[in-house]
Amino acid sequence: MCGIIGYIGFRKASEVILQGLKTLEYRGYDSAGIAISNEKGIEIRKGAGKVADVSNSLLFTSLNGKIGIGHNRWATHGKVCDKNAHPHSDCSGNIALVHNGVIENYFVLKEELISKGHKFKSETDSEIIVHLIEENCKSMWLENAFVEAIEKLQGSYAIVLVEKSGQKLFAARKNSPLIVGIGKQEYFFASDIPAVLSYTKKIVPIEDECIVIASRSGFKIFNFTGTKIKPKIIKVKWSSKVAEKGGFPHFMLKEIYEQKLALYNSLSTNVSKAKKMIVNAKNIHIIACGTSYHASIIFSILLEKHLKKNAKAFIASEYRTIANPDKDVLAIAISQSGETADTLQAIRFAKSNNAKLLALTNVVGSSLARISNEIVYLNAGPEMSIAATKTFSSQLAIIYKLIFENLEQKTIPKLIESALSHEQKIKSLAPKLKKKNDIFFIARGLSYPIAMEGALKLKELSYLHAEAYPGGELKHGPLSLIRSGVPIIVLAPDDESLPKIYGNIKEVKARGAFVIAFTNSAEIIKEVDIAISIEKTQSELYPFLMLPILQLLAYYVSVSRGIDPDRPRNLAKSVTVE
Ligand code: M6R
């Protein structure tokens, strides 16, 4: 949550920063702001709203100067308003700072700073950092003042600070992502790689608990104990086009369509070391959040059923309370971003109890990748929409590769293509659902986690209440909610669960439900109000047919309700707070 960016070099900083902020908008869009150091001192423009709107009204790019910082906010401390937007400056206006994370001891520090005469302009936890540095500057140079301030902070942070003289940028990270992009006599700081891809593909992911200081002639990294760190430069292959919509109205639709290619890439990933870890594991804990958790459920089912493994899927934020990891546990974390705080904390807990760690992530050099013993990269390419689409199907593809020997590489991408061929029929369902208050999904077996994903996508993007149930669970409670006209979306492939799901359809029809089915059963097609017939495939592969259909459904319901599916309210792509 929150996107931060910094630039020092020879270009017009406001333009570089604005472009970076637009790319990083998926990290937060409550407010946006920029601070540029130039001959007038530090000029700050900031306000509540999306970056394009704030920038247009406050004319970000009218600011001259070749060094600066920028921020997209996802509010934690303090409401969404102009004064709480970043950057924040100290009392003197000599320094300004952007922050992503949460300062847990901000209250105590704020009281102390107020007693020393500091005047606060916002309600944020972030603002204390800049005043703390200002306070330290009374007795030391800025570099030491910065380092000493960092030592006092508890919580999570990625910070970039600009100073009035315009000669240096100062940055630090702890439990929040930060990368440095390296150009020729120019350096870029950002929360994520796509923000700098138009300028450089040479990236240094900054390790946790490190400080970076950059001038135009170079940069240095040292850890919190003062030891100098040699930068590990990676060359990313992603094109800067990933941050463009490429003719699609939204990133989400583009990424739904990118799935076929993403899956080819994921399926060519070498998973042999990870496979060995799984084969040797006595107990397996799979840890994830949100959409990635749905992949974990499918993983655990397949591990139990096909590899006869003792495997369990855990919601990451619950892990420390309910799990008991030890040296016999292989903890597998699934995370698109590799930066989800709940997942990282759970995996650290597993590690501290001697579990081995395997990561499935999309982001090279992410925090998750760095703490794991073994990593399988999804190779799905960057995902810009808040909703996880192609990265979820890529997670599934990797899982299938880990479970099934001799998986035919072309079958899965073809299923995606087949599902997408139903786009217009799926679009025509949106007007029938867009005014409903509650929508239920039912499914059985491997289709149930996919139904959970369909319901999550729908609520996340359309703000309608949606729940998924295993068909057999309805009669244990939720059936009381089924009345005339209540929509039920059924996933009914012709696998072993078909006769039972047919019975569930009868039950809800008897109570007047409006039933939409995705199926290849002639009996079910006759029974329901609307059926979209899907092709036949092996029973384990139906998730790849059902998933894109539900993604498209959520997309079109969202659009038909006038919502921007790329930017659903209150959400951020990478959830870096617990
Ligand atoms: O980056 P991660 O896979 O760890 O993210 C986990 C969830 O926050 C994420 O899947 C979220 O549920 C999606 N935005 C849903 O579309």
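Visitor: Which residues does I563 touch, not counting residues up to four places away in sequence?

Guide: Before I answer, keep in mind that this is a predicted model. I563 touches L461, S462, Y463 and S558. Take L461: it sits 102 residues from I563 along the chain, yet their C-alpha atoms are separated by 7.4 Å.

Visitor: What makes I563 buried?

Guide: The cut-off for buried is under 20% relative accessible area. I563 has 12%, so it counts as buried. You'll find I563 in the segment after α20.

Visitor: And how do you know whether L302 is buried or exposed?

Guide: L302 has a relative accessible area of 1%, and buried means under 20%, so L302 is buried. L302 belongs to helix α9, residues 290-307. Leaving aside neighbours within four places in sequence, L302 is in contact with L307, I399, Y400, I403, F404 and L446.

Visitor: How far is L302 from K245?

Guide: Along the sequence they are 57 residues apart, and in space it's 35 Å, C-alpha to C-alpha.

Visitor: How many residues are in the largest nonpolar core?

Guide: It has 85 residues, and F299, Y400, F441 and F518 have the most contacts inside it. Helix α20, residues 542-560, gives the largest share of this core, with 13 residues.

Visitor: What is F518 in contact with, leaving aside its neighbours within four places in sequence?

Guide: Quite a list: L429, I489, V490, L491, A492, P493, I532, M546, I549 and L550. Apart from this core lies another one, of 31 residues, including I5, A13, V16 and I36.

Visitor: How is the protein divided into domains?

Guide: There's domain 1 (3-240), domain 2 (245-409) and domain 3 (420-563). The C-alpha centres of domain 1 and domain 2 lie 31 Å apart.

Visitor: What shows that domain 1 and domain 2 are in contact?

Guide: You can count it: 14 residues of domain 1 are in contact with 12 residues of domain 2. About 1100 Å² is buried between the two, and carbon and sulfur atoms give 61% of that. On the domain 1 side, Y26, N175 and W238 supply 42% of the area buried against domain 2, more than any other three residues. There are also four residue pairs in polar contact between these domains, and the salt bridge count there is one.

Visitor: Why is the pairing of E207 and R370 called a salt bridge?

Guide: Here the N to O distance between the side chains is 3.4 Å. The limit is 4 Å, so the pair qualifies as a salt bridge. As a rule, side chains of opposite charge can pair when their charged atoms come close.

Visitor: How many salt bridges does the structure hold?

Guide: 24 of them. One of them joins K50 and D564, at 3.7 Å, N to O. K50 is in the loop between β3 and α2 while D564 is in the segment after α20, so by sequence the two are 514 residues apart.

Visitor: Which residues are linked with K83 in a network of salt bridges?

Guide: K79 and E123. The closest N and O atoms of K83 and E123 are 3.5 Å apart. K83 lies in the loop between β4 and β5 and E123 in the loop between α3 and α4, so the pair ties together parts that are 40 residues apart in sequence. K83 is partly exposed at 41%, and so is E123 at 27%.

Notes. Residues are numbered from 1 along each chain as its sequence is written. This is a predicted model: local features need pLDDT of at least 70, side-chain atom pairs count only at pLDDT 80 or more; totals for chains, interfaces and linings use all residues. Side-chain values use heavy atoms; hydrogens and water are left out. A nonpolar core is a set of buried Ala, Val, Leu, Ile, Met, Phe, Trp, Tyr and Cys residues joined through side-chain atoms within 4.5 Å. Buried means under 20% relative accessible area, exposed over 50%, partly exposed in between (1.4 Å probe, protein chains only). Helices (H or I, at least four residues) and strands (E, at least two) are DSSP runs, numbered from the N terminus. Contact means heavy atoms within 4.5 Å. Domain bounds come from an automatic or database domain assignment. Buried area is the accessible area (1.4 Å probe) that two parts lose on being put together, summed over both. A polar contact is a pair of N or O atoms within 3.5 Å; within protein, one must be able to donate a hydrogen and the other to accept it, and residues adjacent in sequence count only if both atoms are side-chain atoms.
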